[in-house]
Amino acid sequence: MPPISELEDKYDGERAFMIGNGPSLTQTPLERLNSEHTFVVNKIHHIYDARDFQPSFFFTGWNPDSSYFAPIDSENNTVNVHVNSGITCFLNQRGKDIYGNKQNIYNYSGWHMVRDQCPFHRMGIKDVKML
């Protein structure tokens, strides 16, 4: 697992899109964002089969083995989907414990999910659009 500090200001001045999980995403042309920095959360992987979309970053505050997700050994567990696809993932300490030293996982326990401390702000991205 690489140190999260290597991402500090890496994308300075660039913009990103934060994409949630609402039902309107089925009508949103996410493929237009493939050349942008995109942050996705939680169970968004359920729309991937219907969209030509690959996010840049995934993060969740949930434990990967939480009952919120599919069982941890399931192909349908959203954290597994993102970790195994090679997308840069921000996981909490439990995620680090489960997935070990994979090179696409960063432990954000030192970066809080509040303004100015969440990953996109610490990475230098100041223009964040919410979808």
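Asn-42 sits in the loop between strands E2 and E3. Strands (E, at least two residues) and helices (H or I, at least four) are DSSP runs, numbered from the N terminus. The phi of Asn-42 is positive, near 50 degrees, and this residue is not a glycine. Asn-42 is also buried, at a relative accessible area of 15%. Buried means under 20% relative accessible area, exposed means over 50%, and partly exposed lies in between, with a 1.4 Å probe and protein chains only.

This is a predicted model, in which local features need pLDDT of at least 70, side-chain atom pairs count only at pLDDT 80 or more, and totals for chains, interfaces and linings use all residues. Residues are numbered from 1 along each chain as its sequence is written, and side-chain values use heavy atoms, leaving out hydrogens and water.

Stay in the loop between E2 and E3, where His-45 is found too. His-45 is buried, with a relative accessible area of 9%. What does His-45 touch? Leaving aside residues up to four places away in sequence, His-45 touches Asn-76, Thr-78, Val-81 and His-82. Contact here means heavy atoms within 4.5 Å.

Thr-78 and His-82 lead on to helix H1, residues 78–85, where both are buried. Asn-77 caps the N-terminal end of H1. One of its side-chain oxygens lies 2.9 Å from the backbone nitrogen of Val-79. Such a polar contact is a pair of N or O atoms within 3.5 Å; within protein, one must be able to donate a hydrogen and the other to accept it, and residues adjacent in sequence count only if both atoms are side-chain atoms. After H1 comes Gly-86, with a positive phi near 90 degrees.

Now turn to strand E1, residues 15–19. In E1, 4 of the 5 residues are buried. E1 runs parallel to strand E6 (residues 127–130), joined by 4 bridges. Two strands pair if DSSP finds at least two bridges between them. In this pairing, Phe-17 stands opposite Lys-129. E1 also runs parallel to strand E2 (residues 37–41), again with 4 bridges. There, Met-18 faces Phe-39.

Rings of Phe, Tyr and Trp (its six-membered ring) pair if their centres lie within 6.5 Å; planes under 30 degrees apart count as stacked, over 60 as edge-to-face and the rest as tilted. The count is 6 aromatic pairs. One of them is Tyr-11 with Phe-57, edge-to-face, at 5.8 Å centre to centre and 80 degrees between the planes. Tyr-11 lies in the segment before E1 and Phe-57 in strand E3, so this pair ties together parts that are 46 residues apart in sequence. Tyr-11 is buried at 15% relative accessible area, and Phe-57 is buried at 3%.

Phe-39 and Phe-59 are also edge-to-face, at 6.2 Å centre to centre and 70 degrees between the planes. Phe-39 is in strand E2 and Phe-59 in strand E3, so the pair ties together parts 20 residues apart in sequence. Ring pairs link Tyr-11, Phe-39, Phe-57, Phe-59, Phe-90 and Tyr-106 into a cluster.

Finally, look at the segment before E1, where Asp-9 is found. Asp-9 has a positive phi of about 60 degrees, although it is not a glycine. Is Asp-9 buried or partly exposed? Asp-9 is partly exposed, with a relative accessible area of 43%.
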